[in-house]
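Subject: Structure handover

Hello,

Here is the structure I promised you. Please open it alongside this message, and then read on for what turned up.

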2 protein chains.
Amino acid sequence: MSLPDIAAAVAKHRRILITSHTNPDGDNIASQLGLASILTGLGKRVDILDQDPVPSRYHYLPGWERISNDIGPQAATLAIVVDCASVERIGRVAEAITPATMEIANIDHHISNVNFGQYCHVDPQASSTCELIVRVARQLGVKLSAEQATILLSGLMTDTGGFRYSSTSPATLRTAAQLVESGADLAWVAEQLYMQQPPNQLRLLGDLLIDLKLEAGGKLAWMAVTQAQLKRHSFNLAESEEFVSYAIAARGAEVGMLFKEQADGVIRISFRSKGRVDVNRLAAQFGGGGHVSAAGARIKGKLAEVEQTVIAAVAKELA
Amino acid sequence: MSLPDIAAAVAKHRRILITSHTNPDGDNIASQLGLASILTGLGKRVDILDQDPVPSRYHYLPGWERISNDIGPQAATLAIVVDCASVERIGRVAEAITPATMEIANIDHHISNVNFGQYCHVDPQASSTCELIVRVARQLGVKLSAEQATILLSGLMTDTGGFRYSSTSPATLRTAAQLVESGADLAWVAEQLYMQQPPNQLRLLGDLLIDLKLEAGGKLAWMAVTQAQLKRHSFNLAESEEFVSYAIAARGAEVGMLFKEQADGVIRISFRSKGRVDVNRLAAQFGGGGHVSAAGARIKGKLAEVEQTVIAAVAKELA
């Protein structure tokens, strides 16, 4: 099943529900908004329903308010699930998906996608689901507006770390070129993504960086954020932040780590790698997991003790 | 004059000197190395001569040691000057360029280029001189090697701020796609450029960020680096750093500033803008200058006093 099938599904249905995974990120928000705008332009009646609200850092995306978190009965006869390897990833929105009255389409780029749904377009070679939505638009014969192009470019950029990850293929770069030609404002998107950092977050980052520590001959760079620091800078750990990316940016570091002291006595640990060390395996030692380059774990305990245990174990692995 | 002329110049000469501007950056280093490698592959005898040495952060570029700073008589009969708006920009290398025995070719993307030389290919629409070197290679019928593609991609990335500036055109992105197809390792280049930060530089950045200050209702975000901080972190101000980019990254800031206290009693000031405020005009008030989005100035005086004067003047402009 492929692009023509997605087009056939769209042709067949007039009321369409779009949904995606919990803990939304730049690519799944943008792919939902881009697809909704394209289908609305084709005369469809479209709703977007997600379990979790859109983080404020993505409120620059035109139409983000269209995403409802009000889980209830839906009139749609087609549900398009984007950027999800399996239906489980949509969380409680599953309650609103009724196979008796709805067909399901699946548009995704995760290699672990289980090919659920009556219609699917899954391509693990794609950098992002937004890259696939551009293909869907072409298949549907839709000429993207400048606003649609800007939205979709946002997803390409967030899922490739701003065209820095190895997932940035020639096709990704050509899709980006096409979006800029359609009027996407690349510099504006970059400003929204990278130059809108809350001042208190920058000051807290400073407070962490000044104590950046190295272990294992510099192969491990790590920092910790305490409850006292969070209070001092009025920062809420629930806000999205990428402090750990500054640890892994250290010259010589193969692993970067950030310890976060939560109010409930749990220490959350973020692991990052430059790609040569599998941090999924490191995090698994502490009951966590993730990917080769990014993983996490949670340990109950006192910050100093957890730091000591985990640093010792990771340093041993890197020796 | 255009691409065929550059090809004609290359066909005519066997001993070629490549040079570029003082204070080298990613694009001019990569364009010299890429062009030298291409011409060497065509059987030319090529030297590269620059006034200033290659900064250590660009030592990842294969062949950087080929760039000599030993200014003396040259046997070349063609000098190709890249990434320079005028010959003056090559500094003391001008002493080695002898019009009586040499022709001059000019490959550049600066809008201010004065079209010097017998042969020139100047295109202000190009993101970078490396983008032009890719065109030159195509004109010469050269198929780029993976190493050449990686070198040239580096220049595209540094001159566009990693595909973030408005100079990133559809042609830039398509050129990047072509370079990745030729074997350029985009993720490796990104790692070299953005994930090799000296740990002491990261700690000093922390020391500055913790004191990030806002003025003019948040439209101005600024920091200062003192001699005491430089000593504490063993950091040399001559090393390339982009601390000011963290000030302009603050949400709400239209201008970012960094005051640097030098050992000689001069305060160096860096100005950055998100593009809506002309910092060239602000810097000019203090005898400095630059571009709309990036400028600098130098003022003799005590740090606290210079801060007070400049902040007051800039805040008034932003009011």
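One term first: two residues are in contact if their C-beta atoms, placed from the backbone, lie within 7 Å. Keep in mind that this is a predicted model.

How far can you trust it? The average pLDDT of chain A is 96. In that chain, 100% of the residues score at least 70. For the complex, the predictor gives an ipTM of 0.94 and a pTM of 0.94.

Now look at two helices in chain B. Which residues of helix 1 of chain B meet helix 3 of chain B? They are Leu3(B), Pro4(B), Ile6(B) and Ala7(B). On the side of helix 3 of chain B, the partners are Arg135(B), Val136(B) and Gln139(B). By type, the residues of this contact are five nonpolar, one polar and one charged.

Next, the geometry. Helix 1 of chain B covers residues 3-12, and helix 3 of chain B covers residues 129-139. Their axes come within 9 Å and cross at roughly 65 degrees. Angles of 65 to 115 degrees count as roughly perpendicular, so helix 1 of chain B is roughly perpendicular to helix 3 of chain B. The crossing is right-handed.

Best wishes

Key:
Residues are numbered from 1 along each chain as its sequence is written. Chains are lettered from A and ligands numbered from 1 in the order in which they are written. This is a predicted model: local features need pLDDT of at least 70, side-chain atom pairs count only at pLDDT 80 or more; totals for chains, interfaces and linings use all residues. Axes are lines fitted to C-alpha atoms, for helices over the stretch in contact, and angles run from 0 to 180 degrees between N-to-C directions. Helices (H or I, at least four residues) and strands (E, at least two) are DSSP runs, numbered from the N terminus. Angles under 35 degrees count as roughly parallel, over 145 as roughly antiparallel, 65 to 115 as roughly perpendicular and the rest as oblique. A crossing is left-handed if the near helix is turned anticlockwise from the far one by less than a right angle, and right-handed if clockwise. Ala, Val, Leu, Ile, Met, Phe, Trp, Tyr, Cys and Pro count as nonpolar, Asp, Glu, Lys and Arg as charged, and the others, Gly among them, as polar. pLDDT is the predictor's confidence in each residue, from 0 to 100.
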